[in-house]
Amino acid sequence: MEQALKEKLEKVVELVNNVMVNPDVEIDYCIPEVATTSDSCDISGDPYIHLKYIASGTHSMEQNIPLKRDLEKAPEDLANLVTFKIEQFSEEIDSGEGGAQ
C-alpha cells in the first residue's frame, strides 16, 4: 500500500473513532497495514470496516462498509461517509428492535 493512502486511511480510522456514533455497535477495521482489529477480517481483499450489533444477546446484525471505491475522497469526507453509514446501520437496528410503536 502506498504511503499516502496508508496515511489517509489512518486518519479515517482516527476520525471515525472520535465520533463514535452508537456504543452498541462494534466497529472492526479491516484495513491491511493500517488497522486490522479483528481476527475475522478478510485481509486478502479490499479494505473495509465491519459493523456488528448484538441485540440483547439474542440476535446480531452485521454489515461491511467497503472503502475501495471511495479512496480518492479526502480523509474527512471518507470518515463522514463511514459515520453516515454507521448512523444508517444504527437506525436500521433501532427500527428493527422497537418494531411498530
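Me: Which residue of strand 3 does Val 25 stand opposite?

Reply: Tyr 53. Keep in mind that this is a predicted model. On strand 4, Tyr 53 stands opposite Met 61.

Me: Why is Cys 30 called buried?

Reply: Its relative accessible area is 1%. Buried means under 20%. The value falls under that cut-off, so Cys 30 is buried. Cys 30 lies in strand 1, residues 25–31.

Me: What is Cys 30 in contact with, leaving aside neighbours within four places in sequence?

Reply: Ala 35, Cys 41, Asp 46, Pro 47, Tyr 48 and His 50. Each has heavy atoms within 4.5 Å of Cys 30, which is what contact means.

Me: What makes strand 1 and strand 3 a pair?

Reply: Pairing needs at least two bridges. Six bridges join strand 1 to strand 3, so they pair. They run antiparallel. Ile 27 has Leu 51 as its bridge partner in strand 3.

Me: Why are strand 2 and strand 4 called edge strands?

Reply: The open sheet has the order 2-1-3-4. Strand 2 (35–36) and strand 4 each pair on one side only. Helix 1, residues 3–18, packs on this sheet and touches strand 1 and strand 2. Its direction makes about 175° with that of strand 1.

Me: How do you know that strand 3 is mostly covered?

Reply: Six of its eight residues are buried. The strand spans residues 48–55.

Terms used:
Residues numbered from 1 in each chain as written. Predicted model: local features only at pLDDT ≥ 70, side-chain atom pairs only at ≥ 80, totals over all residues. Heavy atoms only, no water. Helix = DSSP H or I, 4+ residues; strand = E, 2+ residues; numbered from the N terminus. Buried < 20%, exposed > 50% of the residue type's maximum accessible area, 1.4 Å probe, protein only. Axes fitted to C-alpha atoms, helices over the stretch in contact; angles between N-to-C directions.
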